[in-house]
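Student: Could you take me through one part of this model up close? I'd like to see how the packing inside comes together.

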Amino acid sequence: MLNRILVVLSLVLVTQLAVPMARAQDKPAVVLAGDVMVERSVEENGTTRTVLEAPTNVIPGDRLVFTTRYTNTLAELVEDFVITNPLPAAVVLLQDGDFDVSVDGGKTFGRFATMSVKLEDGADRPAELADVTHIRWTLARLAPGEQGQVRYFAAIR
Amino acid sequence: MKYAAIRISALCGTTIASLALASQALAAGIPAGTLIENTASASYNTGGPTQVIDSNTVSFRVAELLDVAVASQDASALPITSTAVLTFSVTNTGNGPEPFVLTADPAVSGNDFDVTVDSLAIDSNNNGVYDPGVDALLANGGTSAIVAPDQALTVFVLVTAPGGTADGQSSQVRLLAEAGTGTGAPGTLFAGAGEGGVDAVAGSSGADDDGVGALISSLATVSLVKSAVIADPFGGTQPVPGAIVTFTLQATVTGSGSVDDLQITDTIPTSTSYAPGTLTLNSAGLTDAADTDSGTASASGIAVTLGSVAAGTTHSVTFQVEID
């Protein structure tokens, strides 16, 4: 989907024509709010549990949860709702999820299990979590007022 | 349209940066102070043109992880006769540049003997071998130069053996490296003390580590046994004038290692005369003259120079005198 957008954008640039595409301006129908937390183990009364804390003193290997909350602020249906999240270069995806991924910098997307990486000798190998550069959630439609969140788990490289 | 152009360049920038960074596999992890930013974007439509929105950008900086690993680089216990040089590696396994406080402790529990630490030295020319006068000396307990993440220092510990040790006794020397920023239980926080002002956090090592190097006392001991066999002119063994006395000096080197500058000397007994040309070493004849062979002999005495002799060997010197 993103690559289609990019192609469309390129065409727009070349032709300077008004393909139906616009930057949400005055009052976007949908609002995105990003958040990041770090997982910490807390020991209480002899049991260890995991809590989420603000990302302070984050060191390599720490597990992070990146959350994006979305809200359809309008009283109308939102369609073809797609959230794309480029992974920060310093983190590595920790687990697959209900999303598509890109392992080529956002050019192509697909389910993680189906992705492969081209090796220097031309052969393909199955993609690893560390290869993932982008994550994309496709939600098809948001009812009026609908809100929700998507998230992914990553660790500092 | 301007938006679209900006969007494309921003995406390309992210792509290049992520690919470049992904190829740098850092054992110690992303460098301290690295800014991590995450922004999601979404596209959708509400019947009209497709809309694109961005989330807010969340960002934070990676803290400095203080970690270190120390390992002995000696394959086995080093033999020590009087002095020895132990070799250790000190690796910065954290993610920020860090100096380390280096302390060698020669009094390790279980030691048969404790050496004296004369000095530490840093392998300035990185050849893995201590080069006196080249490698920079560091006082025991001193602080190293800054070590980059994932880089290792080779540290030498120069020691002297005490007197009175017995061959084969063992000893260990422990080298401790502590992060210059501080040490503590894993997770200990040093607010603002990290690279570029980020917080520093003690890693799994507790920001310190130690390694032990082993020494084994290598002492060689020489024992010398002298014996005599008399052959009188009548076929007997009586010490009568004219009898030939064959002296044997047997030098046995025991222990381990070797002895240096071993020389066997003896005087010709009074009332006897050296029988010229009878000096031998290990059954091979030696000339009496001071020349290229190892022996000399004269009317006053004999001398055989053995030089460096390995432990576990025996050398025997013989010469004959005639009773006056």
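Tutor: Of the 157 residues in chain A, 34% are buried. Take its contacts between residues at least 6 apart in sequence, and 72% of those join residues at least 24 apart. Keep in mind that this is a predicted model.

Now for the packing itself. The largest nonpolar core holds 79 residues, and Val90(B), Val155(B) and Val157(B) have the most contacts inside it. Its largest share, seven residues, is supplied by strand S12 (residues 152-160) of chain B. A second, separate core has 16 residues, among them Ala220(B), Ala251(B), Ile302(B) and Val304(B).

Zoom in on Val155(B): leaving out residues up to four places away in sequence, Val155(B) touches Phe88(B), Val90(B), Leu102(B), Leu120(B), Ile122(B) and Leu175(B).

Then look at Ala104(B), which sits in strand S9 (residues 100-105) of chain B. Ala104(B) counts as buried because it has 24 C-beta neighbours inside 10 Å, and the cut-off is 20 or more. Apart from neighbours within four places in sequence, Ala104(B) is in contact with Val117(B), Leu120(B), Asn140(B), Val157(B), Val173(B) and Leu175(B). So Leu120(B) and Leu175(B) turn up on the lists for Val155(B) and Ala104(B), going by C-beta atoms within 7 Å. Also check Leu176(B): 72 residues separate it from Ala104(B) in sequence, yet their C-alpha atoms are 6.2 Å apart.

Definitions and conventions. Residues are numbered from 1 along each chain as its sequence is written. Chains are lettered from A and ligands numbered from 1 in the order in which they are written. This is a predicted model: local features need pLDDT of at least 70, side-chain atom pairs count only at pLDDT 80 or more; totals for chains, interfaces and linings use all residues. A nonpolar core is a set of buried Ala, Val, Leu, Ile, Met, Phe, Trp, Tyr and Cys residues joined through C-beta atoms within 7 Å. A residue is buried if 20 or more other C-beta atoms lie within 10 Å of its own, exposed if 12 or fewer, and partly exposed in between; C-beta atoms are placed from the backbone. Helices (H or I, at least four residues) and strands (E, at least two) are DSSP runs, numbered from the N terminus. Two residues are in contact if their C-beta atoms, placed from the backbone, lie within 7 Å.
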